[in-house]
Every structure is written in structure tokens, then in C-alpha cells.
Amino acid sequence: MELVMALAIGILFGSGIWLILRPRSFQVLTGLLLMSYAVNLFIFTMGRLWIDRPPLTLGAHLPDPATVADPLPQALVLTAIVIGFATTALYLVMMIGSRGLTGTDHVDGREPDQ
Amino acid sequence: MPTLLLILVLLPFVGSAVAACMPSNARNREAILASVVTLSGLLVAVLLYLQVGNGEVVHYRATWLSAYGVDFALRMDGLAWVFVMMVLVIGLLVILYARYYMSPKDPVPRFFSFLLAFMGAMLGVVLSGNLIQLVVFWELTSLTSFLLIGYWHHRIDARRGARMAFTVTATGGLCLLSGVLILGHIVGSYDLDAVLAAGDLVRAHPWYLAVLIFIALGALTKSAQFPFHFWLPHAMAAPTPVSAYLHSATMVKAGIFLLMRLWPTLSGSQEWMWIIAGAGICTMLLGSFTAIFQHDMKGLLAYSTISHLGLITLLLGLGTPLAMVAAVFHTFNHAIFKASLFMAAGIIDHECGTRDMRILRGLYRQMPFTGTLAIVASAAMAGVPLLNGFLSKEMFFAETALVGGTEDWSMSIVAVMMGIFSVAYSLRFISVFFGKPTQTLPKMPQEPPRWMRFPIEILVVLCLVVGIAPGPSVDPTLKLAVASVLGERTPAFSLQIWHGFNVPLLKSVIALLGGITFYVLLRKYFALATRDKTPLLSRFNGAQAFETTILRLGVGASWLVKWLSTQRLQPQMLLLMVALVGIPLLLVQPLPKFAKPVIAGSDALFALMWLIGCACAVAAAWQAKYHRLAALMLVGGTGIVTSLTFLWLSAPDLALTQLMVETVTTVLILLGLRWLPPRLTPRELNIQVPHRVWLRRSRDMLVAVVGGIGMAALSYAILTRPAPQGIGDFFLLSALSEGGGSNVVNVLLVDFRGFDTMGEITVLAIVALTVYALLRRFRPAPESMAIPVQRVNDVDPVARQAPAQQANSGYLLVSGVYLRFLLPFMIIVAVYFFLRGHNLPGGGFVAGLIFAVAIIVQYMLAGTVWVESRFGLRTHLWIAYGLVIACLTGLGAFLFGYPFLTSHTARLHLPLLGEIHVPSAFFFDLGVFVTVVGTTMLILVALAHQSVRSHRLPQGVPPATQIASAPETI
């Protein structure tokens, strides 16, 4: 499990870096999305991997904290996901606005000199 | 009594705020407000005299930054009282004068607001009982004087003068701060009483010289002392009331005040004498000599101010107690005669339209009253007997004679020279009243309004009273002020007009006669009346040097920006990414040990799932340039896998949120895709990709691969180590008992970290409004205005139908009926997830997103126009209500005496439902829910509206579509 998770984070992050370095604004947007998955998963795995141990205290007795997933990274990531949505929206609007203003979808607002 | 001090300082600031809000044509009301504020201040000051007059020190103290030993402290002793009176009395007269001086066209509220704020700052400086606080007020005077000097900001000289004054004095302020910090470090306290008592300690300290230099830099820049004097003449671009106020009694006197205030601590050393007295001598001679050759009346007064300030500085630098007495006395006298002279110059400017002494002549005939007043005040400035200037100058001559003893006459010669020059420029000033009147003035001069002259009359009467009867009029006040500085060292002195024939009197006579002779000679042989430049000194232009320095700094800065920075995004991103990848690699030395990869424990299904997820991510990276829709779908695939992973790994809340965000994001980007340009692959375009592009791609690929491997390695290294003891256990154990919920993640969000969530929904709201605002100005590129290719089809009837038509009678009829039927159920699902959120996976965020998706589905089905004619979702209001609910829930805790956002669980017994728990966090979560619905919908709807805004309807749309899109035809 750990190996799969680590590889997945690495591949998502690498794809994200590649896209963020590209010249077209949509590529950067895609890169930001992929990178945010990678980072969210990374923060999430700081609480280690737990299967079938959600941080719920439903029973009559409180569970032993050592046997349940850590709720803190989860709460942090939940916040991050929602804020990520907001930044994506903002970036998208900047992207189409810049395209309308400058006539190009290059991240610098003008086509590179040929 | 102590609170009176606080009132004294705060009153002008309150007045300033009120004045700023008044209408721009309320000249009288503004002036009355400012006068009332100043008069009240004066009343308070007079009341305080009851205590201060007995030699007591009034203190006011409030805790401020106790941890740093800085409290808000006000302190009034004799010296502070004298300065307070000067600030307020001259302030009152200036306000009256300004009422008549300012034109009805000037924005007067701004003027009085700045003036009152400046007055407050100045009172703050003189009343500060704490050095740090003194610096704060000090900088505040720099700032407000900047605003006042630049009041006529449409004039370039005003802007330049203001900037120069501000740069010089604020830089001095920073030096002062450094000096004060060192001083506080030496003494161990910033409290003024402690600092004043620690003079011996400070003077013996190895850092004494540093303290002295820094504090002197602060004081000398503020008081326009050589070599920083150049800003003052340029500050004359200010309206004359401002000059009269700033350069007679206040701004420039702040530096003098500081030197007096710290005199007990810093003076009495060789260094003090060289630095302070040295600067004083240079300034005094330079200022008085240059003043003679000015042709602008205010310019002459500016240089004369510089020279008088130099005189006071020199007296302070001498370091003897009697010199201190003379310094305080001259500060006081200078304020009186200089204010009246500035006002007189302002009247002449106001009435004649010019201040140029090369043109002005014979004004006495048209304005005899003003003329008489100005001549008396000039005489005071020149040091003519029976006027106040004479007395303090006499003391100055006496002190300079004492310093040199019987052998060294250099000091005395310097003093007499200054006397000669000041007589000469005083004569030059009043020369405008004599001679044959000119006919070429811009305006025909006449006497100003009665009350505009009134402040000058008061001041001139003061000159005479002090000059003729110094004993009864100023003696007690002067003794009080001097005693508060010198304490036991206060010398015995008596203010008298006649001390018998002695050296000072001889010097006065020489100065008067010499000055007259000098002036006559200059007029006769040097064409003084028409001269433009100052002889000898005109080549040393401090202002030019300043402007050149500023210019060079600007050029240097742009050079640095050009070489160290770029506006292009890609290099910046590359740097960021390289740093992100490289710096951790450099920091981790040696590399951690990795556990041997174990494949056995992995679930094959999980691995397969991520195989798909990673394939999606890599494919998206590959396709994002030429196939945006495909890339979007692929990214969505990775998102789904991420969401499933959260579910798999015991994070149901995250899985739900990720899934909903994924949905909303996809719809959002789909809405945006339309406005991007078509992009064809090089193969389609038949062009060759150049080599350097491949080179760049390889470089980026390298960074990406190294970054990916690094991230994977880091994750693996962490995942194979046991988790350290975190704070998660606390939340797990106390969620139910203290937060009243069993879903720990939700309790964390709305209770333990409620404040954080509060900030988050605020950010969401701001982003939504920003998106909305940006889109209002959105102008699409012309080529994306046309209908997308997919929708232009002659055969397919759908292409000619509006979305509403398609859903109501077209090919979407079945799904239309079905999805409209589902809407209530989807909303119930949202409500269900919201209600159970505190105990089971769900909560405000997820529920809000589900609710938003339910409505988006309707939009997608039947189009914006149809949906909004059925139910208008006032998204702005949702955002506002959501934030208000969240805030009110937080504030509710105050009612019970708890901090913001403290939660409470109420246990209610309801019929039918039985006992239920209602935590206050529930209402907070409701706020989150409402805000999330509002923001999501606002963003999406604003974007969706871009396609239907009427003026952007693409050319050539069939009329049927336009009719169909109107709601009533459906």
C-alpha cells in the first residue's frame, strides 16, 4: 500500500510540475489541479494509511486513539480541497479574461517571438 | 488630571476624522470645528497648568506592549507645557487665518483634517513619556506634514517639496528610532523619566557616540539643520497657513524640542558640542546669508527660519545652563515673530498675486496696517530693542562671548555676523513696503479682511509685550520650562531690557549698524533688488543633490529589476520548481534510509486503481495543449481515483468533498473552455518544432521527473516510519464530550478549528466576488464570439433550438422530466448530509456542494434563462447571510462571557422527537453551508452568463433562437 501511494503521489506531482512549466494557460490550470491532488494526498498520508478505521466515535466507548485514523490531516485536507476549488475558479477566470484582453492564451499574455 | 492629557492628545485626531467627513464647501463650519477643538485643547492645557505650574509632572499611563517594555505614556512637565501652548495658540491663530486665506475652490475639509491631525501628532511628540511612542508620533508629524505640504497636489513643486521634506525627515525618523533603541538598551527602559535620570550612565557608555549621532540625525533633519536644510525652502510650496504653522512653532521645532528633551541625558560632552553646535553654526551663517538674496518673500522667511533654528541649535550645543535658557526663550520668540511674518507674506501674496520682491514695491500706501505689523515683526526678527527678538538675541550674544572667554573671539564674531545678516534680510523683507508703487502687479492690492489680519495683530502685540515687559509676561513660564530640563542646575536669571553698557549690547549695536550698512552697500553695488542668485553659495545646491540621488536610485533600481527579474511567468515558475525540488535535496544530508519496498501487503485492486489514476494524470499532462476536453476528462479520472483513495483509507468526509468538488470543477472548466482559442498540432499545421523547444521541454521534463521521484521518495520515507505522537488524539478523545459530535473531522472544522473555517469561508466569499467582478469586465476574444462549430448544423434541428426548448419539447424531453422530478430529492439528500454531518460523514461543505450541484443540473438541462425565470437564486445574498450566520454564532459566545466561537451543546426535549442535542456549532455549520452554496453558484452562474449576455450574442443567430430564449415564449 505504502509503495503504491508513494508512487502515485510522485507521478501526480511530476505531471503537475511538467504542466506548470508549460506556456499555455490551460496547461498550467491542469498542472495546478494535478499538483493539488498530489499535495492533498501527501498531507493526508501524514496521518499514515488506515483501512476501515474512520475517525468516528460512534460506539458507547471512546476508541483507543492508536487504533483510529488521525482526524487532523483529514480536517486540513478538507479545507485545502475547498480552497483549491476557489483558486481553480479564480485562475480559470483570470485565464479566460487574459485571453480576451490579450488575444492569446500564452501565460505571458503575448506570443513568444518566433 | 491624568486623563486630561489623553484628551489633549486625542481631541485633534477626533476633530481630524470629523473634519474629513464634512462637505467640501463648508469653510466656516470647518474653521469653527477646528477652532473649537483647539480652544478645548487650550482650556485643558490651562487646567493642567494648575499642577504643572507647581513644578509637578503629570503622568498618564496605559498598558500597550508591556512585553517589550513599551507602554503608552503621556507626561507633561514645564517644557512640554510651553510647547503645548505654542502648538495650540499658534494653531488657533493659523486656523483663523486659514479661514480667510483658503480659496472657496480649495477642498477645505482635507486641509483642516490634515492640520488637526498634524496638531495631534505634534502634541503627541511633546507629551510622549516613552521614547518609542515619541518616535511613532514623530513619524506621524512627518507624514501629516507631507500631506500638508503637498496639499495643492496638482502643482509639481508642491509634490516635489512634499516628497523631499518627507524623505529627509522620515529618514531622520528612522535614524532617531535606531538611536532610541540603543539608548533604551543602555538605560534598560524606554521610559522618559528613567532615561532622563540616566545621563551619567549614558555618557560613560561605549555606545554613547552612536546614540548621539543617530538621535542628532533625527533632530537635525527635522529642524532643517545643515547639511539637511535644503528641504525647508522647497516646503514653501505649501499654502501659507501651513508654512506659518509648520515652520514657526511646530514641525521644525520638534527637532529642537527633542534636543532640549534629551539635553539632560546626552549633553555635556565634547562630542555633543562638536556635532550639535557645529551644525548650528553652519546652519545659522548659511541660512542668514542666503536669506538676504532670496527674491521670494516666503523663501527669505524659509532661510531665515533655518538660520534662527541654527541659532537655537548652537545655543543647545554650547551646553551651559544659561544657553539653555536662551534657547527656550528664543524658540518661543521665534515662533511668535515668524508666524506673524509668514502670515504677512501670505497676505501680500493673497492681495497682490505675487511674492516676488523684485516686483513688489511701495505697498505701504495700499496696506498701511499690514505694513506696520510686518515692519514691527521684522524688527523683532532683526533684534531691535523693545521687541522680544532683542532679548533672546542679547542672551545669545552674552553666551557666545562667555564660551570664548577673553581670548577666543571666534564665537562672538560668528554671532555678530549672523546678527548683521539678519538685520540685512529683515530690511530686505520690509523693502516691499517702501518706494514707488508699481503698476504691473497681477492684482490691485488692498487691505485684507479684518479677521485675516487679526492673528498678526495678536502676535505683534505679543512681540511688544514680551519685548517691553519680559519680567511679568514670560519670566515665570520660562523658569518653569527651564527648571523642568535642568532641575537643580537651573541658573538664576532675570529678564530685563536694560543690563547696562556691556559686551552683548555692544554686539547688538554693531549688528544693527553693520546690518544697515551691509544692506545699503548690497543694494548699491550688488543690485540686490534684482539679483537672482546667491553669491558664493548658489553652486552648493542640496536640493539638486537630493533629486540627483533619488534619480540615480531610481535608475539603479530599474537596472536591478531588469537584471534580476522578469515579467515572464515561465522562468519564474522554473525557478520556483527548481527551488522546490533542489533545496530540500540539499538540506537532507545524509539521505534517510529507505525500508525495502514491500509489495506483498498491497491490495491489487488499489494498485490497479492507481495505475488508472496515474495513467490519467500522465495522459492529461500529455494532452493538455492540443486536446483540452480530453485532458479535462483525464484529470477528472485522477480526481475520482483520489476520491476513492480517501474512501479506501478511512476518510469518508474527504471522499465526499473531493467527489463534489470534482463535479463542480469540471462543470466550471467546461464553461470556460469555450473562450479559449483553438490550437492545432504542429503536424496539422505542417510546421517543424524548433530544436530549442525540444531542449526546453527536456529541461522541464528533467525537473518534473526529479521532482516526482523526490516527492515519491519523501512520501515513502514517511509512510514507512511510525507516526509520532500528534495532537490528533486529543481531538479524538474530546470531540464527543466537548464538541458534542462523533464525526471528529466535522467537529474539528466547526468547533476546535472554527476560527480557521471562518477565515476559509470568508476567503471563499472573497474569491466568488472577485470572480464576479472580473467577469463583469470580461471581453471575449472576437473569434470566440461565434457559435461553436459543434452547434452549427443545417440538418440537425437541435442546432436551432434554445436550451429551454430542447429540454421542454426537444430531444432532452425525457431527461428533462426526470431531472426536474429529481430536484427535490437531491435537495433532500443535501439536507440529509448537512443534518448528519456532526455525527456521521457529511457537514456544511459537502451539503453545500451537493445543493449547488442539484441546481447546476437544472442549469445544464434547460439553460440559464429558463432556470432564472423560474427561481432566481440571489447568490450574493446567500453569501452575505452565510457569513452573517457564522459570525453571529461566533459572537453569541460573547453573550455568555466566553471567547469568540466558543461552542455549547444544548439538550432539548421536544415532543415526538424526544431528547436531541443542538450544538451551537450546528448553526455555524449552517453558515458554512449557506456560504458554500452562495459562492459555488455565484461563480458558476457568473461564468455561465457570459454566453448569454445580450450584446455578445454571436452574429448570425437564427431569429428563432433569440425568441426562444425569452422566458415567456416557453
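**Reading salt bridges, a hairpin and domains**

Tutor: At 1% relative accessibility, B:D700 counts as buried, and this is a predicted model. The side chain of B:D700 forms a salt bridge with that of B:R699, at 3.3 Å from N to O.

Student: Is B:R699 buried or partly exposed?

Tutor: The cut-off for buried is under 20% relative accessible area. B:R699 has 39% relative accessibility, so this residue counts as partly exposed. Elsewhere, salt bridges with shared partners link A:R24, A:D105, A:E111, B:R628 and B:R679 in one network.

Student: How many salt bridges are found over all chains?

Tutor: The search of the whole structure gives 23. Among them is the one between B:D356 and B:R358, at 2.9 Å from N to O. Here B:D356 is buried, with 16% relative accessibility, whereas B:R358 is partly exposed at 29%.

Student: What are the accessibilities of B:D157 and B:R155?

Tutor: These two side chains also meet in a salt bridge, with 3.0 Å from N to O. B:D157 is partly exposed at 36% relative accessibility, and B:R155 is partly exposed at 29%.

Student: Now the strands, please. In which sense do β1 and β2 of chain B pair?

Tutor: Strand β1 (residues 58–65) and strand β2 (residues 70–76) of chain B are antiparallel, paired over 6 bridges. The hairpin has 4 residues between its strands, and B:G69 has a positive phi near 70°.

Student: Into which domains is chain B divided?

Tutor: Domain 1 covers 267–532, domain 2 covers 535–564 and domain 3 covers 754–970. Between the C-alpha centres of domain 1 and domain 3 of chain B there are 75 Å.

Definitions and conventions
Residues are numbered from 1 along each chain as its sequence is written. Chains are lettered from A and ligands numbered from 1 in the order in which they are written. This is a predicted model: local features need pLDDT of at least 70, side-chain atom pairs count only at pLDDT 80 or more; totals for chains, interfaces and linings use all residues. Side-chain values use heavy atoms; hydrogens and water are left out. Two strands pair if DSSP finds at least two bridges between them. Helices (H or I, at least four residues) and strands (E, at least two) are DSSP runs, numbered from the N terminus. Domain bounds come from an automatic or database domain assignment. A salt bridge is a side-chain nitrogen of Lys or Arg within 4 Å of a carboxyl oxygen of Asp or Glu. Buried means under 20% relative accessible area, exposed over 50%, partly exposed in between (1.4 Å probe, protein chains only).
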